[in-house]
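Here is a short briefing to keep beside the viewer.

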Amino acid sequence: MAEYNFKEIEDKWQSYWQQNGSFRADNKSDKPKFYSLDMFPYPSGAGLHVGHPLGYIASDIVSRYKKLNGFNVLHPMGFDAFGLPAEQYAIQTGQHPAITTEQNIVRYKEQLKNIGFSFDWDREVQTCDPKFYKWTQWIFMQLFNSWYNQKSDKAESIDQLIEAFTTDGNANIQAKCDEDTPNFTAAEWNAFDEKQQQEILLKYRLAYLANTTVNWCPALGTVLSNDEVKDGFSERGGHPVIRKDMLQWMMRINAYSERLLQGLEQIDWPEPIKEMQRNWIGKSTGAEFEFKMDSYEKTISVFTTRLDTIFGVSYIALAPEHALVKEIVTEDQKEAVSQYVEVAKNRSERERMTEVKNITGAFTGAYALHPFSGEKIPVWVADYVLAGYGTGAVMAVPAGDQRDYDFAKHFDLPIPPINDSAVIDDKADPTWEGKMINSDFLNGLTPKEAIKRGVEELEKKGIGSGKINYRMRDAIFTRQRYWGEPLPVYFKEGIPYLMDESKLPLILPEVDKYLPTEDGEPPLARAENWVTEQGYAIERSTMPGWAGSSWYFFRYMDAHNEQEFAGKDALDYWQNVDLYIGGSEHATGHLLYSRFWTKFLFDRGLIKVEEPFKKLINQGMIQGVSNFTYRLNLTSDEDQKATPEIYLSKGIVDRIKKSNLTGAEKAIIEKIITQSLVEFNSANSTQWKFDNLLSYSISPRHVDISLVKNDILDVEGFKNWRPELTNAIVIPESDKKYICGSEVEKMSKSKYNVVNPDDIIERYGADTLRMYEMFLGPLEQFKPWNTNGIDGVFKFLRRFWNLFHTDENFMVSEEAPTNEELKVLHKTIKKVKEDVENYSFNTTVSEFMICTNELTSLKCNKRQVLEPLVIALSPYAPHTAEELWQKLGHDTSISKASFPSYDEKYLVESTHEYPVSVNGKMRAKISFPLDMPKEDIEQQVLASETIQKWLEGKTPKKVIVVPNKIVNVVI
């Protein structure tokens, strides 16, 4: 068998690709373009595990395949390099985040290059590089200098808005702006001083300052996005998170709500992702109107999609953060409401939306007046109402909404029936059937008729109108942390102004610590002279993690352009990403913000496309197989000097659970543990006894999978793993083996189940890793990592290698192939082509294995068969393919070859293999031409030596031939 020296082969070709720029894309080409992109990674200190490359391998296969099919392929890679982990490490160690990040990037690039990706590394971007974030800052400036014109339905220059104000005021302006924007004439505008004008413009800008409720983490000293908060704690570090009002930079993404919805119909994305974005945007058609307050001049504005239920309102519910709460609460209710608000507003919105069992609320003591009947309606505070959705107030209709129903039941509030078809004995009934009752002028109307009539009455009374509402709120754009892009903004008399473009990039300053200041200011407040040349204070917050990732895909098109974020020719040629692969967890974050920024850049005439990614594939997760030891936790009535570390094998744990420590089983287990305790007491001068235990518990503990093989623990290695385990009592099974538990879960450093791709490559090679990850299952599915199957892929590559070799010699025949050999070849080519174009990579690997086995059986080593096969294999196993391609006599990279075509004539079956039975039992398989007459098949079957043996000289009673199916001989 010829030696398959994968280490030597892979080192050789990785060096070749780098030295020759084999995958460098050209911005000017007559070829059709294909832009293949992976969501660029955050370079964590842990490096890659085997789950990370899954999507990269898939996109690499497609990229190489497209290149072989004559496309000019752009397949870049870079790093989303600003992030909280590097900053936290800086806080702990004092090391600048840039140093940590650079070290991590070096590690990542080494790992990525070892896997043999066809990345165009000349176009690498890093979001923390000032050459990159100069343009992130520039795009922010364009957003600041833009407003959304609802007449043209696009963003336009703020200068056009100022011009309109100067000549006509804002009476005829239809814009997405703040709710409290005042009306003014041209004369009034021109009479405003600069500060007043700038304050008004801030209400129109797409990037603006506003007070908003945020997730504030005191321990981290920063605002966190909803995705960074889990159950009231920071995802990073598990620190408490509170809700807090803060002045923040915002992005007016709500202006693009309808276009973001409509754009989903134009892109090839997974339907679940589209649905998540639709739900996040949350379009609702309804009515907005005012409830007057009893004894107050204030009004409560509400939005509803079910105006037909207006006469079923039994209370008004305000969000805890609603501005009116403090104003309308009565003296006798003030303390209760204050306490409730303090607790409720610190619960995450996710908790408040999903929690249905724990019903809470507080009565304000105030009443609103029904807009039609004038009846008094109590006003409550309830945390199931969110300040950011609609108006932050709900007209509660218990008969038609389950949360309102549960709230009313809990607090004994009325539940008036309003529909003659609704059944509300034990739950709400939001029916669209039936007709309205107990509803004054709406009585006898269907719900849809009642909504229409209700809107007419609201408009007639001048207290409301029909309206389309969107759940999606404007996006918070600042974080109170150090490691992020500085905003190119300074403040004069409290008003934000943009710095001059010539000052870009505004580079992060040096600070003595990466923590907030003692008075709570962001870390940039620690910088010396963080002011303009004129002495104005520069913004101290930094941009969020999604800033750079919202446009980085355009920078790859022209990564070294120092004059523009990307040149017009490059943008016109590449336009947008043809294939984007990444995780579904970014559905309402990066994937939404990227679409928003792309539409904005389109509006301002900077690009020609409205969508960033034509096709999106969400790769599944490769999960880890975790192993567990089982610690026996003992509680005694004696004061002990040391707590013994006792670990029970899984079999013993299962017996304990089954027996619950009773009877004979209890005696056996007590004996095992007692003997182990004697050894422990001797070593630790303690007096632990099993019979003086008050209680016990057993807790599974993750153990490093490197210490476990086939669920059997390396006990010696386990004791050396951690200092506290040195004297651990490890109680094995009767055969002296300690059996660990196992579970499939997310691959994570904290679970000690991470498999490093470097280890796999060292043992099997990069091509084996690439093919095995594809072989695990469909790209989109979750699947567990199991190295038990990797040997099969490795052996396949060796068998494929051996098709080209006799003993140690490269030996390829120039003979013409047989039809059978050509059939194997063309069947495989067709399968590879169809699978890659349908992103079904796992079935291609299986096809290559079948093909190799068949050619091995045929002893085929013919160039006309093997050469096309090498090209077909090259997207999957590029190193092996390059080496064989060179051995076949080619002096250029296989990436310059053309993907082979298949001929259907070789795929048409000309024969059928008949199973031949004698008296119903199959005795042979014989192939006959498809068009052979039944009589001839019968004659040849009876003449067969095998069948003659089973006939034993007897004459058959009959022979049944079912064409192209079976033959049955009856004797």
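Four strands make up an open sheet in the order β6-β5-β9-β17, and their pairing is antiparallel. Strands here are DSSP runs of E with at least two residues, helices are runs of H or I with at least four, and both are numbered from the N terminus. Two strands pair if DSSP finds at least two bridges between them. This is a predicted model, so local features need pLDDT of at least 70, side-chain atom pairs count only at pLDDT 80 or more, and totals for chains, interfaces and linings use all residues. Residues are numbered from 1 along each chain as its sequence is written, and side-chain values use heavy atoms, with hydrogens and water left out.

- Two bridges pair strand β9 (residues 242-251) with β17 in the antiparallel sense.
- Within β17, Ile476 is the residue opposite Met250.

**The parallel sheet**
- Strand β1 (residues 33-38) runs parallel to β2 and is joined to it by three bridges.
- Phe34 has Val73 in β2 opposite it.

**The β10-β11 hairpin**
- Six bridges pair strand β10 (residues 283-293) with β11 in the antiparallel sense.
- Glu290 has Ser301 in β11 as its bridge partner.
- Five residues lie between the two strands of this hairpin, and Ser295 takes a positive phi near 75 degrees.
- Strand β11 (residues 299-304) is mostly covered, with five of its six residues buried; buried means under 20% relative accessible area, exposed over 50%, and partly exposed in between (1.4 Å probe, protein chains only).

**Whole chain and buried residues**
- The chain has 31 helices and 36 strands.
- Its C-alpha trace spans about 110 × 85 × 75 Å along the principal axes.
- Of its 971 residues, 53% count as buried.
- Phe407 sits in helix α14 (residues 402-410) and is buried, at a relative accessible area of 1%.
- Between Phe407 and Lys113 there are 294 residues in sequence and 59 Å in space, C-alpha to C-alpha.
- Cys128 is buried at 15% relative accessible area, and Cys217 is buried at 0%.
- The structure has zero disulfides, a disulfide being a pair of cysteine sulfur atoms within 2.5 Å.

**Cavities**
- There are four cavities of 30 Å³ or more; on a 1 Å grid over the protein atoms alone, a cavity is a set of points where a 1.4 Å probe fits but cannot get out.
- The largest cavity holds about 100 Å³, where a volume is the space filled by probe spheres set on the points, and grid points are joined across faces, edges and corners.
- This largest cavity is lined by 14 residues, and the closest to its centre are Thr309, Gly400, Ile418, Asn419 and Asp429; lining residues have an atom within 4 Å of a point.
- The lining divides into seven nonpolar, four polar and three charged residues; Ala, Val, Leu, Ile, Met, Phe, Trp, Tyr, Cys and Pro count as nonpolar, Asp, Glu, Lys and Arg as charged, and the others, Gly among them, as polar.

Note on methods:
1 Å grid on protein atoms, 1.4 Å probe; cavity = no way out; pocket = protein on both sides within 12 Å on 5 of 7 lines; lining within 4 Å.
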